[in-house]
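Subject: Structure handover

Hi,

Here is the structure for you to look over. My notes on what turned up follow below it.

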Amino acid sequence: MSFAQKKSILPAAQERRRFQRVKVHLLGRYMLPDRREFPCQIINMSPGGLALLAPGIGNVGDRVIAYLDHIGRVEGKITRIIDNGFAMTIGATARKRDKLAAQLTWLANRDILNLPEDRRHDRIVPRNPIAMLTLEDGTKMTCRIIDLSASGAAIAAEHRPPLKSQVMLGRVPSRVVRNLEEGFAIEFIHEQLAETLEEAVTAR
């Protein structure tokens, strides 16, 4: 039997350990089995698992669904409890793992190279994430703010406006700059003040 064939039938635990963890600082939200939702910060991640800082900690074996900035929706089970958080597996097909590996490589390179895509401002998860988005043609739709900063926001919504189109989040003029797995990212036309940011984006 060739080495490649042997590698493909490794037990799941060994299979997970083959993936290299990447240090990342991503924000997101997660839901525990009792349907409670909490904000979180990912501290390291591989295509097979991740560790996060979290205010609400479940039990080993609990199923977790998480929505992560730049990554999208992942789900898995808690494998161990760490200081102020927990580690979990990521249940994914081989194709999804390949996509995660590419996303993590891009995130790691972005941090090393300080690409323009790198975050200029700290991101926060708003207390009230539900907002109204006005599209270029005047259509209004309800959306969920995944996270936001003084310069932009990640939005979860049923429909994605065209890239580069002008939109209004609350009363903040913005443009669509990138598609995410569960929505899209917008950049504010003018940088916002931190003290009035949440009120401005959730204004109806």
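Start with Glu75 and Arg73: the two form a salt bridge, with 2.6 Å between the closest N and O atoms. Keep in mind that this is a predicted model. Glu75 is partly exposed, at 22% relative accessibility. Arg73 is partly exposed too, at 33%.

**Salt bridges**

How many salt bridges does the structure hold? Seven.

One of them pairs Glu198 with Arg127, where the closest N and O atoms are 3.7 Å apart. Glu198 sits in helix 4 (residues 197-201), while Arg127 sits in the loop between helix 3 (94-113) and strand 7 (130-134). The two are 71 residues apart in sequence, so this pair ties together separate parts of the chain. Arg127 counts as exposed, because its relative accessibility of 74% is over the 50% cut-off.

Glu37 and Arg29 make another bridge, at 3.3 Å from N to O. Which side of this pair is buried, and which is partly exposed? Arg29 is buried, because its relative accessible area of 15% falls under the 20% cut-off. Glu37, at 44% relative accessibility, is partly exposed.

**Positive phi**

Two residues deserve a look at the backbone. Arg35 has a positive phi of about 75°, although it is not a glycine. Arg35 lies in the loop between strand 1 (22-31) and strand 2 (37-46). Its relative accessible area is 63%, so Arg35 is exposed. The C-alpha atom of Arg35 is 9.5 Å from that of Val64, and the two residues are 29 apart along the chain.

Lys164 is the other residue to check. Its phi is positive, about 75°, and Lys164 is not a glycine either. Where is Lys164 found? In the loop between strand 9 (152-156) and strand 10 (166-169). Lys164 is exposed, at 72% relative accessibility.

**Confidence**

The chain averages a pLDDT of 82. Of its residues, 84% score at least 70. Where is confidence lowest, and where highest? Helix 1 (residues 3-8) is lowest, at a mean of 39. Strand 10 is highest, at 95.

The pLDDT is below 50 over residues 1-17. That stretch has eight contacts in the model beyond near neighbours in sequence. Residues 113-119 also stay under 50. For these, the model has ten contacts beyond four places in sequence.

**In short**

- Salt bridges: seven in the structure, including Glu198 with Arg127.
- Positive phi: Arg35 and Lys164, with Arg35 exposed and Lys164 exposed.
- pLDDT below 50: residues 1-17 and residues 113-119.

Best regards

Note on methods. Residues are numbered from 1 along each chain as its sequence is written. This is a predicted model: local features need pLDDT of at least 70, side-chain atom pairs count only at pLDDT 80 or more; totals for chains, interfaces and linings use all residues. Side-chain values use heavy atoms; hydrogens and water are left out. Helices (H or I, at least four residues) and strands (E, at least two) are DSSP runs, numbered from the N terminus. Buried means under 20% relative accessible area, exposed over 50%, partly exposed in between (1.4 Å probe, protein chains only). A salt bridge is a side-chain nitrogen of Lys or Arg within 4 Å of a carboxyl oxygen of Asp or Glu. pLDDT is the predictor's confidence in each residue, from 0 to 100. Contact means heavy atoms within 4.5 Å.
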